[in-house]
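This report describes a protein structure for a reader who is new to the subject. Please look at the sequence and the structure below before reading on.

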Amino acid sequence: MRIDLGCGRNKHSHCIGIDKHPYEDVDLVHDLNDGIPFPSNHVQFVMASHVLQYVNDLTYIMREIYRVSQDRALVCLVVPYAHVSSHVTHPHYLHLFNEHSARHWSPYSNSMLDEEDFIHPLSENWSLLLSNNETVSEENIDLRLLRMEYFYFPEYQCLYDEVELRRLRQSQMNVAYQLMLHLLVIKSPIQERELREWSHRELEEPQTVTEQRLEAKRHAVEAERPFEVDIDGRKDQKNKEQVTLQEELRIDERPGKQQVGQQDEKTGKSAIASSPSSTNSYSVKRRMAANRRVTERSDRKQSRTKKNARVQGNKSRRK
C-alpha cells in the first residue's frame with residue numbers, strides 16, 4: 001500500500017489520498033490529528049508534502065507513520081524551512097523544520113550526511129531522540145535519514161557553492177525556503193552498506209518539487225542571458241555606427257559637391273533623393289541640419305556686413 005498524507009488537490013501517483021477536506025482526488029476523508037487509519041506494518045511508501053507543519057502533535061504523527069509502515073518502507077517529507085521570516089509569522093504553521101529535525105526520529109548515533117550540516121550539535125551523538133543515556137524501547141521509532149535537499153530563493157540559486165550555501169542558510173534568514181527529506185523505516189537490523197545503497201538510489205518525490213527544480217534551472221538560464229544579449233547588442237551597435245560613418249564619408253567625398261552655404265532645403269532634399277545612401281535617415285537629417293546652420297550663419301554674416309556699410313555711409317554723410 002502507498003499513501004499520500006494531506007494530498008489536497010495534487011495526490012501523488014499510485015497512492016491512496018488522505019485529507020480532511022473532500023477534494024476531488026481524496027480517497028479517504030480523515031483528520032490526521034486522529035492518527036492514520038491503517039493497521040500496523042501495512043504501508044510500503046508514505047508521501048507527506050506540506051502537511052506536517054499543520055498537525056497538532058508532530059511526534060505522535062511520526063510515530064503513526066512508523067507504526068503503519070513496513071520494514072524498509074520509504075518516507076518522503078516536504079516541509080517549510082524554519083529560517084524564513086514569513087514562515088515564522090505564519091498563523092497556521094504549528095511546526096517548522098531544519099537540519100536537526102530528523103535527529104529526533106532515530107536513535108541511530110551516526111549520520112549518512114556531512115557533519116558540516118550540523119555545525120551546532122546539541123549532543124555528542126547525531127541522534128537527539130534519546131537523552132540521559134536512555135535505552136531503546138518499543139515506543140521509540142527509527143526513521144533513518146537517507147537524503148536531505150534544500151530549495152533556495154532565486155537570488156541564491158546557482159550563485160554560490162555548497163559550502164557557501166550551508167553557511168548562509170545556517171547564519172541568515174530567507175536563504176532556503178523548503179526542505180525535502182527521504183527517510184527509511186527500520187524495524188530490523190540493517191548494515192551501513194545497505195543504508196548507503198538506499199541513499200544512492202533514485203528516490204520518489206512530489207511532482208510539485210520536480211516542477212520547482214525545473215523552474216530554478218530556467219531562472220538560472222535567464223539570469224545569464226542578459227549578459228549575452230548585452231554583448232551582442234553592443235557589437236551590433238558598434239557595427240551600425242561604423243557603417244553610418246563610412247556612408248557619411250562617401251557622401252562627403254562624392255564629386256561635384258556644392259559649396260557650403262549655397263545649399264538650401266530644396267537643394268538638400270534633391271541631394272537626398274539622388275544620394276545612393278538616402279535610406280540612412282539619421283545621416284540625412286544630420287546633413288540637412290548642418291546645411292541649415294551654415295546658411296543661417298551666412299545670412300547673419302551678410303546682414304552684419306550690410307549694417308556696417310550703412311553705418312559707415314551715415315558717418316561719411318554727417319562729416
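## Salt bridges and their surroundings

Arg-67 and Glu-64 are 3 residues apart in helix α1 (residues 58-68), so about one helical turn separates them. Their side chains meet in a salt bridge, with a distance of 2.9 Å from N to O. The two partners can be described by their accessibility. Arg-67 is partly exposed, with a relative accessible area of 26%, whereas Glu-64 counts as buried at 10% relative accessibility. The model discussed here is a predicted one, and the count of salt bridges in it comes to 11.

Helix α4 (residues 192-199) holds another such pair. Arg-196 and Glu-192 are 4 residues apart in helix α4, and therefore about one helical turn separates them. Their side chains form a salt bridge of 3.0 Å, taken from N to O. Arg-196 is partly exposed, with a relative accessible area of 38%, and Glu-192 likewise counts as partly exposed, at 39% relative accessibility.

A further salt bridge joins the side chains of Arg-72 and Glu-194, at 3.0 Å from N to O. Arg-72 counts as buried because its relative accessibility is 18%, and the limit for a buried residue is under 20%. Glu-194 is partly exposed, with a relative accessible area of 27%.

| Salt bridge | N to O distance |
|---|---|
| Arg-67 and Glu-64 | 2.9 Å |
| Arg-72 and Glu-194 | 3.0 Å |
| Arg-196 and Glu-192 | 3.0 Å |

## Backbone angles

Most residues other than glycine have a negative phi.

Asn-41 is located in the loop between β3 (28-29) and β4 (43-49). With a relative accessible area of 44%, Asn-41 is partly exposed.

## The sheet

In what order do the strands of the open sheet follow one another? The sheet has 7 strands in the order β3-β2-β1-β4-β5-β7-β6, and their pairing is mixed. At its edges are β3 and β6, each of which pairs on one side only. Strand β1 (residues 2-5) pairs with strand β2 (residues 16-19) in the parallel sense, over 3 bridges. For Leu-5, the bridge partner in β2 is Ile-18.

## Helix α3

Helix α3 comprises residues 162-171, and Leu-165, Arg-166, Leu-168, Arg-169 and Gln-170 are buried in it.

## The loop between α2 and β6

The loop between α2 (85-88) and β6 (143-152) contains Leu-96. Leu-96 counts as partly exposed, at 32% relative accessibility. Together with Val-88 and Met-173, Leu-96 forms a nonpolar patch on the surface, and the three residues have about 240 Å² of accessible area together.

Ser-127 is found in the loop between α2 and β6 as well. Is Ser-127 buried or exposed? Ser-127 counts as buried, because its relative accessibility is 5%. Leaving aside neighbours within four places in sequence, Ser-127 is in contact with Arg-103, Ser-106, Pro-107, Tyr-108 and Ser-109. With Ser-106 there is a polar contact: the backbone oxygen of Ser-106 lies 2.4 Å from a polar atom of the Ser-127 side chain.

Technical notes:
Residues numbered from 1 in each chain as written. Predicted model: local features only at pLDDT ≥ 70, side-chain atom pairs only at ≥ 80, totals over all residues. Heavy atoms only, no water. Helix = DSSP H or I, 4+ residues; strand = E, 2+ residues; numbered from the N terminus. Buried < 20%, exposed > 50% of the residue type's maximum accessible area, 1.4 Å probe, protein only. Patch = residues over 30% accessible without salt bridge, like charges linked within 9 Å, V, L, I, M, F, W, Y side chains within 5 Å. Areas by Shrake-Rupley, 256 points an atom, 1.4 Å probe, with all protein chains shown as cover. Salt bridge = Lys/Arg side-chain N within 4 Å of Asp/Glu carboxyl O. Polar contact = N/O pair within 3.5 Å; in protein donor to acceptor, adjacent residues only side chain to side chain. Contact = heavy atoms within 4.5 Å. Pairing = 2+ DSSP bridges.
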